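Please consult the sequence and structure shown here while reading.

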Amino acid sequence: MEANPRSTGRLPAAFLTPGSSSFLDFLSAHSPELLPSRRKLPEGVLDAPHGTTIVAVTFDGGVVLAGDRRATMGNMIAQRDMEKVFPADEYSAVAIAGTAGLAVEMVKLFQLELEHFEKVEGATLSLEGKANRLSTMIRGNLGMAMQGLAVVPLFAGWDEGKGKGRIFSYDVTGGRSEEQGYAATGSGSIFARGSMKKLYSADLTEQQATTLVVQALYDAADDDSATGGPDMARRIFPLVTVITEEGFRRLTEAESSELARSVTERRLAQPDGPRAALL
């Protein structure tokens, strides 16, 4: 009689046989219960922490992806220093809005998906391919989304083939759209998008782009109670990342605090922020 792999501590042969380059497909076939979308929910009303506002903007030489730090649960602040922006690989990143726990699990699975593909195929996915893989994961979470546990990320990265930064947004069904110039998702996105719409230009420098996303998050926090602005007392500032042809970089705490302080100080004299030209 053949020994049970579980009793011997040995992996089943299927685990050791090269197959699909998709780690998501592999996990779905062998341990589907580990997928975030397959979790069993408790009965009754479920209220979970939600991440709020994330923004992205392209500039001449790359793309900036940023987020505020607040997570809410109903009308309560669940967390003040949540991280919402993560590297997907060396040249791309994903920012999360929606149900915080599921979103973080999905990001970790997405990171494994890209790493698995690279190890199996010996090459990295194109930026379009990465965006498509994330779309598949979001579509797989549709059942949870219909129960109120939606995950709606922004994906951005450096496209080596086109030599520029690109931004992709998603809906709860996994529908993917490429955004031109800037994008925002989450409860404060309407205010952040309005701010970026007035301040964005195609020839932004990296410094201007990082300043723009902090201005946009400040405007979102000004009108949306679920979005957290710079917290000087607790030293909690927006998380800002930059992706260029040199790769992914997260602004240090010193850089982000200086950026937030400069924006906040200017707001003392001009509470509604910088003015766009009328014509």
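## Arg 70 and its surroundings

Beyond residues up to four places away in sequence, Arg 70 touches His 50, Gly 51, Thr 52, Ile 77, Gln 79, Arg 80, Lys 84, Ser 225, Ala 226, Thr 227 and Gly 228, where contact means heavy atoms within 4.5 Å. The model is predicted, so local features need pLDDT of at least 70 and side-chain atom pairs pLDDT 80 or more, whereas totals for chains, interfaces and linings use all residues. Residues are numbered from 1 along each chain as its sequence is written, and side-chain values use heavy atoms, with hydrogens and water left out.

Arg 70 lies in the loop between β3 (62–67) and β4 (71–73); strands are DSSP runs of E with at least two residues, helices are runs of H or I with at least four, and numbering starts from the N terminus. Arg 70 is buried but forms no salt bridge. Buried means under 20% relative accessible area, exposed over 50%, and partly exposed in between, with a 1.4 Å probe and protein chains only. A salt bridge requires a side-chain nitrogen of Lys or Arg within 4 Å of a carboxyl oxygen of Asp or Glu. The nearest side chain of opposite charge to Arg 70 is that of Asp 68, 5.6 Å away. The side chain of Arg 70 does reach the backbone oxygen of Ser 225, at 2.8 Å.

| Residue | Location | Relative accessibility |
|---|---|---|
| Ala 78 | strand β5 (residues 76–79) | 40% |
| Arg 235 | loop between α8 (206–223) and β13 (239–244) | 40% |

Arg 235, although not a glycine, has a positive phi of about 55°. Most residues other than glycine have a negative phi.

## Cavity and pocket

The structure holds one cavity of 30 Å³ or more. On a 1 Å grid over the protein atoms alone, a cavity is a set of points where a 1.4 Å probe fits but cannot get out; a pocket is an open set with protein on both sides within 12 Å along at least five of seven lines; lining residues have an atom within 4 Å of a point. The largest cavity is lined by Asp 89, Leu 114, Phe 117, Glu 118, Thr 124 and Leu 125.

The largest pocket has a volume of about 290 Å³, a volume being the space filled by probe spheres set on the points, which are joined across faces, edges and corners. Of its 14 lining residues, Tyr 91, Thr 124, Lys 130, Trp 158 and Glu 160 are the closest to the centre.

Note on methods
Lys, Arg positive; Asp, Glu negative; His and termini not counted. Polar contact = N/O pair within 3.5 Å; in protein donor to acceptor, adjacent residues only side chain to side chain.
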